[in-house]
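Thank you all for coming.

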Amino acid sequence: MTKLDRRNFLRGAGALGAAGAMGLGSLPFRAEAADEDRTRFLIVIGATGGASIIDSVMAIRASESANAATLNTFPDALVQSIDGTPFRAVDLDRASLGAIPFSFRSVQSDFVRKHASEMMVVTTERTSVNHAIAQRRSVTGNEAWAGRTLQELVANEYGADFAIPNAHLSSGAGFTDRGTDATLPGYAYGEPIADPLLWPLALDSSKGLARPIDGGRLAKARALRGRLEDKSQFNRVLGESDKLKFWQHLRQGPREAVEARDLINKLLLMPESAKFPLGQYGLTGSDAAQKARERFPLWAEDPLEAQACLAFLLLRYRVSCAVTLGPSFSVELRDGMSIGDEGSLLNPPIAFDFSHQGHRSVQALMWQRMYRVADGLIDLLKTEEYGTSGESLWDRSMLYVATDFGRTKIRPANSDEFSSGHHLDNGMMMISPLVNGNKILGGVDPNTGLTYGFNPSTGAPDVGRKMEESELFAGQLQALGIDTSPAGLGDVPAMRKA
């Protein structure tokens, strides 16, 4: 890029309009501030394609199963028990990913050992094996509360004074679907962020330009625009439209609030460099962005790490209280490396769903990918103080690894690598100081690979029970401090910290 200016930056974002890219549809602010003592934060990481719980923390040893040869079990030596926890981990070294000659190493045990005290896994019976439908139901509890999503409910409860309460950093999956309850306030709905690297450049009307616009002239131009719009035929015909009034509101108070907070600099991921001469355009970045880049060193190559960096900044600067991120279905490769090189493949085609071609290796790689991002976000949030109470930002957060469904449980006799399909039976994982940590609620039958449920009140295993999506949805919201009685959802004390 020989001439770098704000227009070139934005063109690369794929037609991000200056107003549309601001991601301000989640406003307006409510006049009153949210109760800071209650505020909670939600991080949703989409395990796109179907993360199998029995390929991670609920792995089955061959010696435990009467059907080990034809069930998705592991050689005993590969399944580690983590002392003092109910969790297991599978560490694998592989020379290929299915048929792709890509060598990698997956070390689940490090993550589980580090975070077990705040990990909770609950078993579940899903209601769809369609990707889009199942992903949506993983964040709506199968439309348990008038079709509202977890993210919308957190934004509605805690996000009134956040600039962009509900930020969607990934796209193309049902995890970021908008709910169906049109009675929620506008600020609760998710705001798409197409490109974490370029999006912050749209958060100011004049900063980042080679020749910044004088603030007084800009104010006069806006005032003139308002007068002209008032007299336009378009306004005479549609001026009473709720959507138009909302749009006009966004251009005023919320925009000014975003610019006053200097979010263009605080959320900017790129550092000063020859490629990105920020100072030449009056931009500085932030110390927090540098910290995020250090924790996620592949931020410029791996879209998921870029999402994680921006997710941290959105939470750290109290821009959002709910963030959603996740891998895409696209192949991602390291710059300057060929596909046969170890570590060259960042994201396989169709993410977890590439298990159709190579179940065991794909599950191992993708679980490592989920753990890596979760570990980085948790570590970063633990370094950020929340208020003056001595709490960290992590102390008020829940990280939810949301997935579509499970995978089929069988394999050809004694196969080390095999294909798997979609399956309703699975489990889901939350990591948080707010949940009933160091627990697996429910269990797995080692002879079938199928899970069973638990008592919602006591957490005791119940082999005759399958957990419904709405029950687990209620338990998540209650752990986040949200009253679910208006939706008629039952109490699930087993899922929240006592």
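I will speak about salt bridges first, then about a pocket, and finally about a surface patch.

Please keep in mind that this is a predicted model, in which local features need pLDDT of at least 70 and side-chain atom pairs count only at pLDDT 80 or more, while totals for chains, interfaces and linings use all residues. Residues are numbered from 1 along each chain as its sequence is written, and side-chain values use heavy atoms, with hydrogens and water left out.

Side chains of opposite charge can pair when their charged atoms come close. A salt bridge here is a side-chain nitrogen of Lys or Arg within 4 Å of a carboxyl oxygen of Asp or Glu, and the structure holds 28 of them. One of these joins Arg-94 and Asp-416, at 2.9 Å from N to O. Because Arg-94 lies in strand β3 and Asp-416 in the loop between β14 and β15, this pair ties together parts that are 322 residues apart in sequence; such helices (H or I, at least four residues) and strands (E, at least two) are DSSP runs, numbered from the N terminus.

Are these two partners buried or exposed? Buried means under 20% relative accessible area, exposed over 50%, and partly exposed in between, with a 1.4 Å probe and protein chains only. Arg-94, at 13%, counts as buried, whereas Asp-416, at 45%, is partly exposed.

A second bridge links Lys-114 and Asp-375, at 2.8 Å from N to O. Lys-114 lies in helix α2 and Asp-375 in helix α12, so parts that are 261 residues apart in sequence are tied together. Lys-114 is partly exposed at 44%, and Asp-375 is buried at 14%.

Let me turn to the pocket. On a 1 Å grid over the protein atoms alone, a pocket is an open set of points where a 1.4 Å probe fits, with protein on both sides within 12 Å along at least five of seven lines, and lining residues have an atom within 4 Å of a point. The largest pocket is lined by 24 residues, with Arg-105, Leu-365, Gln-368, Arg-369 and Arg-372 nearest its centre. Helix α12 gives the largest share of this lining, seven residues.

Finally, Phe-234, Val-237 and Leu-238 make a nonpolar surface patch of about 310 Å², where patch residues have over 30% relative accessible area and no salt bridge, and nonpolar side chains are joined within 5 Å. Phe-234 sits in helix α6 and, at 53% relative accessibility, counts as exposed.

Note on methods: Patch = residues over 30% accessible without salt bridge, like charges linked within 9 Å, V, L, I, M, F, W, Y side chains within 5 Å. Areas by Shrake-Rupley, 256 points an atom, 1.4 Å probe, with all protein chains shown as cover.
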